[in-house]
Amino acid sequence: MLTTALAVAPLGPTLAGTDQALERTAAWQWAPRRAGHLLGYAAAVVGLLAAARVLGADFGPLDVLARNTAGLIGLVGLGATLAGARAAWQAPTAWAAMASFMAAPGGPEWRQAALWMAQEPGNRIAAVTATTFLLGGVVAYAARVGPQVAAAEAALEQ
């Protein structure tokens, strides 16, 4: 779980451009690009973790890797939307850390939803929770990228 979170967390700072004028005046719509950015990164993380099996590192079944990565990518998108790109990594990392300490498959439905990363392969509640996070994060991030950055702060990033 933590490996997946650590693979997803570096995406956060890449989710905001430093030039707000470019964001407003681009000829192509930014929403599909933003959604593609998140989905492409999710595919890359799943691919790299699955490919690590060739080297002898097994991070679990492919469906669990895909489910956990999808949910964490959604949390990164929600984090970037609500807290900004700089803090986007905190939500997936905190959720994965909590799930690692409290990991116990099964239990009541609310517990399965809260600890979706620790559930067995094929768990429907975990899959629905991860899919909800993915869809919510991609839609929220595609529609709006983080809070507006003050001009003085934007100048620091250049």
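Q: What makes a residue count as buried, partly exposed or exposed?
A: Buried means under 20% relative accessible area, exposed means over 50%, and partly exposed lies in between, with a 1.4 Å probe and protein chains only. The structure is a predicted model, in which local features need pLDDT of at least 70 and side-chain atom pairs count only at pLDDT 80 or more, while totals for chains, interfaces and linings use all residues. Residues are numbered from 1 along each chain as its sequence is written, and side-chain values use heavy atoms, with hydrogens and water left out.

Q: Why is F101 called exposed?
A: F101 has a relative accessibility of 76%, and the cut-off for exposed is over 50%. F101 therefore counts as exposed. F101 is found in helix α5, residues 90–101; helices here are DSSP runs of H or I with at least four residues, strands are runs of E with at least two, and both are numbered from the N terminus.

Q: Which residues form a nonpolar patch on the surface?
A: The patch consists of M98, F101 and M102, which have about 350 Å² of accessible area together. Accessible areas come from the Shrake-Rupley method with a 1.4 Å probe, and for residues only the protein chains shown count as cover. Patches are made of residues with over 30% relative accessible area and no salt bridge; like charges are joined within 9 Å, and nonpolar side chains (Val, Leu, Ile, Met, Phe, Trp, Tyr) within 5 Å. A salt bridge is a side-chain nitrogen of Lys or Arg within 4 Å of a carboxyl oxygen of Asp or Glu.

Q: Why is Q90 placed in the class that it has?
A: Q90 has 41% relative accessibility and therefore counts as partly exposed. Q90 also belongs to helix α5. Its C-alpha atom is separated by 7.4 Å from that of G79, 11 residues apart along the chain.

Q: What makes the packing of α4 and α5 oblique?
A: Helix α4 (residues 62–83) and α5 pack at an angle of about 140°, with their axes 7 Å apart. Axes are lines fitted to C-alpha atoms, for helices over the stretch in contact, and angles run from 0 to 180 degrees between N-to-C directions. Angles under 35 degrees count as roughly parallel, over 145 as roughly antiparallel, 65 to 115 as roughly perpendicular and the rest as oblique. The two helices are therefore oblique to each other. The contact is made by L72, L75 and V76 of α4 and by A91, P92 and W95 of α5, where contact means heavy atoms within 4.5 Å.

Q: How many helices and strands does the chain have, and what share of its residues counts as buried?
A: The secondary structure comes to eight helices and zero strands. Of the 158 residues of the chain, 36% count as buried.
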